[in-house]
Amino acid sequence: MSNYHPLNEEEAIQIARTIPGIFSAEGALVCREIGDGNLNLVFHVSQPTSGSSLIVKQALPYAKVVGESWPLSLDRARIESEALIIEERFAPGLVPKVYHTDNELALTIMEDLSSHVIMRQGLIDGGVYPRFANDIAQFLARTLFFTSDLGMNQQEKKVLARSFANPDLCKITEDLIFDHPYTDADTNSFDPHLQDDAKQLWADTELHLEVAILREKFLTHAQALLHGDLHTGSIFITPESTKVIDPEFAYFGPIGFDVGAVLANLLLHYASQEHWSSNEASRQERRQYLINTIRDIWTGFEREFRALWDEHGQDRIAKTAGYQDWYLRSLFQDTAGFTGAKMVRRIVGLAHVSDIDRIPDPDVRAKAQRLALTIGKNLIKRNRQLTSIEELIAIVDKASQA
Ligand code: SR1
Ligand code: MG
């Protein structure tokens, strides 16, 4: 019989004590449950006398954001631990260290990153992160290249993919990103002032065709091991350090989905500058910073992915002239489309982003929401025609000037 049960703080302390090399034998431990995400319990366990600490993360058997009526597999805790270990191998220093995994209790015990802030909040507070574009470009290029058929033995990749079948979490994405925002679904949630905008989304068959094509890619293109939920709430940051957390949605899927997740969340923050910048000059400056970051991420990602391909590509046929250019163009188009889909879902779907939801004035919030929707819809509709990051930026600029 399974020993699984949700931990309380005392039990989290007892388990934390068993992790070697973190706490001194003397000195009490204290614990706080700090989980503010949609799905899990997160215990912060620390020892005031030594200053040591760690995180005990436990999956719940349902989606916390909805309640027990939405059951979810506990296997996602194993998936998260194993994905973190693989990411550390290919992108060392860019994820928290995993100290221990307990699949029965659905636990990952890992490095405490309290010296960092969640990037979404850091951006809201006006933070500037000079290392971020390069760090995340490296993370994306290295984890995605080395788990793709270009950088991993193709038979080993198939075997690895077996342990990353993640049906429950993929189903969340299939529904909440690629279906529900485009119909009058019960799970949708949006401000009443967006009723007409939502109706337009539900009736826009040109948009639906592109969403269907993106959804098909999400369902069938097992290109590489994705993080699967790489928004700015899944990144811990300081100006000197970037750490990607929370890969419980990891599975083998289309590379552009991860790159697009990062760009989408920067663009949602861009749209939210309607509120967070106090005047037009600071808004322009902040938006320019975000656009420069987006440009640097894509160009850094592309440069590193091509360099890895040239140096480590094992395949004779993958060296065929023109194939690398075709592949990168298609990755870029997927990135643009997924960026758009990940923006639209955060305005009308179940789970939103605080950058926009915390805007107090409904008129200002509506302006930010409509800007995000316009950018998102245009990126979805035009993804298959785009060929450069400058074209993507031009879509953003045009929507902002309207
Ligand atoms: C029911 S879970 C809602 C969302 O939270 C996660 O972070 C994913 O983005 C998911 O879609
Ligand atoms: Mg998460």
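Contact here means heavy atoms within 4.5 Å. This is a predicted model, in which local features need pLDDT of at least 70, side-chain atom pairs count only at pLDDT 80 or more, and totals for chains, interfaces and linings use all residues. Residues are numbered from 1 along each chain as its sequence is written.

Leaving aside neighbours within four places in sequence, Ile-15 is in contact with Leu-7, Leu-105, Leu-107 and Ile-109. Ile-15 lies in helix H1 (residues 9–17); helices are DSSP runs (H or I, at least four residues), numbered from the N terminus. Ile-15 is buried, with a relative accessible area of 18%; buried means under 20% and exposed over 50% (1.4 Å probe, protein chains only).

The protein is divided into domain 1 (9–111) and domain 2 (117–401), with bounds from an automatic or database domain assignment. The table describes how the two domains meet.

| Item, domain 1 and domain 2 | Value |
|---|---|
| Separation of centres over C-alpha atoms | 26 Å |
| Area buried between them | about 2200 Å² |
| Share of that area on carbon and sulfur atoms | 68% |

Buried area is the accessible area (1.4 Å probe) that two parts lose on being put together, summed over both. Ile-79, Phe-90 and Leu-94 supply 29% of the area that domain 1 buries against domain 2, more than any other three residues.

In helix H14 (residues 389–401), the buried residues are Ile-389, Leu-392, Ile-393, Ile-395, Val-396 and Ala-399. Seen down the axis of H14, these fall within an arc of 150°, so they line one face of the helix; the arc is taken from the directions from the helix axis to the C-beta atoms. Lys-398 and Gln-401, on the other side of H14, are exposed.

Conventions: Chains are lettered from A and ligands numbered from 1 in the order in which they are written. Side-chain values use heavy atoms; hydrogens and water are left out. Helices (H or I, at least four residues) and strands (E, at least two) are DSSP runs, numbered from the N terminus. The expected span of a helix is 1.5 Å times one less than its number of residues.
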